[in-house]
Amino acid sequence: MATFLYRVGRLAFRRRWYVALVWAAVLAAVGLGALKAPGASDDGFSMPGIEAQKAFDLMEQRFPGATADGATARVVFVAPSGEKVTATENKRAVEKAVADLAHGPQVASAVDPFQAKAISKDGSTAYASVTYKVAANDLTDAGKTRLERAIDTARDSGLTVEAGGSAMDDGGGPGGVAEVIGVAIAAVVLLITFGSLAAAGLPLLTALIGVGVSMATILTLSQALGLSTTTGTLAMMLGLAVGIDYALFVVSRYREERAKGRAPQEAAGLAVGTAGSAVVFAGLTVVIALAGLAVVGIPMLTKMGLAAAGAVVVAVLIALTLVPAFLGFWPNAVLRRRARRTGRIEDEGTRNNGGSRWARFVLRRPLPVLLLGVVGLGALAVPMTALQLGMPGDEAKSTSTTERRAYDALAEAFGPGFNGPLTVVVDAKGAADANGAADPKGTVDPKRAAETVAQQIGRTEGVISVSPPRFNEAGDTAVFQVVPSTSPTDEKTKDLVTTIRGERPGVESETGATFEVTGTTALNIDISDKVQAALIPYLVVVVGLAIVLLLVVFRSLLVPLKAALGFLLSVLASLGVVVLVFQQGHGAGLLGVEQTGPIMSLMPIFLVGIVFGLAMDYEVFLVSRMREAYVHGERPGEAITSGFRHSARVVVAAALIMIAVFAGFVGESDSMIKMIGFGLACAVLFDAFVVRMAIVPAVLALLGDRAWWLPKWLDRLLPNVDVEGEALSRRQEAGREAGQEADREAGQEAGQGTDPQADPEAGPRPAGTPGREVART
């Protein structure tokens, strides 16, 4: 692996114009495709295998022309204080607004609240339900404009008018501010780390190119693959973070090789051969974790994972090819200003720094450091035991949004459960057909069966009201709404859904008809249950594959196991902090979280998948340098110190960059993106600074030589991928000895000796040499 990538790095450096032109052509091609591609038709709410989805599918089949997942809007009218919406002027304004909505483009129906009796008991509030013929993502600007204009007109009459529902969704997606903040902080961190504008700018430039390629590709394929805007946000978030980090490690290793006296092309080859090998395997762990989201069985989650995995693959390819190509254009520009001015490069790997001092501190006190790290993360993980999963809706949005104000107005006027009604689909066709086969007279009466089901459910504790059943044209399927007494995210609502479904066998035996419970609330409950059931299999698959991969990389049994256990600690701690803020409300105001509630049901899966890949990044980058030193003859403690001396500063910079990128998304208005950004930022903080920088060296110090033990039979079975570049070291040593022998022979013929250090290609000077000459190109 190292030898192959070494050749790739040298080739990219030498053929830099071709490499740059190829990437420019790729970016132009996918960019042109993105401009010409139609908008995405999002099918993200297809959740096969759950009851709520089966009921949606049945509704689409039995009620042709009425799209089960079509966009909806609920327009809420509130009369001025002391008045009622039924007053003449107020009623006229409401009816006019409903008439305007009914004639809007793509509208299937707009229900007059006075005809539907959608008025609160005190007469202060009414609502109109608007149903569209298309899904929310397919709504045109004309349809949204008509809705907004009708609302503004009604407001001019003196009414308070707010609107919620999927038709009000602006699509979310990357807003730009989060990315700008993340990139700006990353630039400052890189500048401090490298002390060079060029060295700081190169990882940013290559990462942005990689993100551009990834995002343009996603936009190009969005229509064909049904990719959502959230898919693009996740891909951008990860692509930007790992793109900067991977380039950072290659550039850092290049500078290190230059400090050893390597010529620029040779340094680029060695940087890609060593740091690039770590990049490849770190990227593979991220890809495994993201692609493993397919285990959950939710198409939306699978697409998000695969799209983000594609962005990571692009980041890896950029780091292996475009980064060395850019180094070929500016071989000395990435060096420190003093090195460019004086022509001498300081070898930072031969002197003490903060990393080596910290490593020695841990080596002197490994047990206290280990206990402190484990106990601290364990304490942060305790709130995770109270984790409640759900799908936050309009109640989680800011009070500055009309959706949140509409939600609050409806909850106040009609009760908290009104915002999350359950939809019950009664299927009398299947039962009638079955009974008809057994009894030619066909004793099932669909209308009576539906009414009986509605009455039975209406008597269930926790149900406030049940609407009259509405039948399809064939008269064999009915739909009615059930309003719970509790809010959509309340645990009692989940219990109510379970109770209603538990009553199904008795109701079916009595009526001969079957029914299913669906609606947004039931759908969210089913998704949460499905995600929870898939979490353990997902962990087993992803962690198992990654342990095998790390086993190949480090050729050790204990190091991969330690890496996996450390990851679990950081994930549990980050989930605990998310529960503290987003569910229990501690410090929620500082993050702009105005309404606490259950944690998004997909959050644990996202956190496990993404953080596992990123955690293995730091494990590979940091521990590979320790193994490299160990393989080259250093004792276990010395190898730990050497690994920290070379990698700690860069790992800290990489972690700070990722934290900055993820934390930038906390400012997004979308509650899901806000929660993901905060959770990922916390997870990277815990994993990089507590697990990898403290627990890992403490465990390795306690294990000593046993940390690198591998049974001989397993050593023979595993392929040798040579991440630490041992083959390259042997090659360099052989080349240096051959060159020295040739020099001696030439010197004997000329009657004088030759100093091998006079040739910068002959190899590094002895350790401790204060500086290296800058090779000129």
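## Basis of the description

The model is predicted: local features need pLDDT of at least 70, side-chain atom pairs count only at pLDDT 80 or more, and totals for chains, interfaces and linings use all residues. Residues are numbered from 1 along each chain as its sequence is written, and side-chain values use heavy atoms, with hydrogens and water left out.

## Packing of H16 and H18

Helix H16 spans residues 446–458 and helix H18 residues 504–511; helices are DSSP runs of H or I with at least four residues, numbered from the N terminus. Their axes, 10 Å apart, are set at an angle of about 150 degrees, where axes are lines fitted to C-alpha atoms over the stretch in contact and angles run from 0 to 180 degrees between N-to-C directions. H16 and H18 are therefore roughly antiparallel (angles over 145 degrees). The crossing of H16 with H18 is right-handed, that is, the near helix is turned clockwise from the far one by less than a right angle.

On the H16 side, Ala449, Thr452, Val453 and Gln456 meet Val507, Glu510 and Thr511 of H18, contact meaning heavy atoms within 4.5 Å. These residues of the contact of H16 with H18 comprise three nonpolar, three polar and one charged. In this grouping, Ala, Val, Leu, Ile, Met, Phe, Trp, Tyr, Cys and Pro count as nonpolar, Asp, Glu, Lys and Arg as charged, and the others, Gly among them, as polar.

## Salt bridges

The whole structure contains 20 salt bridges, each defined by a side-chain nitrogen of Lys or Arg within 4 Å of a carboxyl oxygen of Asp or Glu. One of them joins arginine 155 to glutamate 162, with the closest N and O atoms 3.2 Å apart. Arginine 155 is partly exposed at 32% relative accessible area, whereas glutamate 162 is buried at 10% (buried is under 20%, exposed over 50%, partly exposed in between, with a 1.4 Å probe and protein chains only).

Within helix H8 (residues 229–259), arginine 253 and glutamate 256 lie three residues apart, about one turn of the helix. Their salt bridge has its closest N and O atoms 4.0 Å apart. Arginine 253 is buried at 5%, and glutamate 256 is buried at 10%.

## A link between H17 and H19

Arginine 501 and aspartate 526 form a salt bridge at 2.7 Å, N to O. Arginine 501 belongs to helix H17 (residues 491–502) and aspartate 526 to helix H19 (residues 520–554), so the pair ties together parts that are 25 residues apart in sequence. Arginine 501 is buried at 15% relative accessibility, and aspartate 526 is buried at 7%.

How values were computed. Helices (H or I, at least four residues) and strands (E, at least two) are DSSP runs, numbered from the N terminus. Angles under 35 degrees count as roughly parallel, over 145 as roughly antiparallel, 65 to 115 as roughly perpendicular and the rest as oblique.
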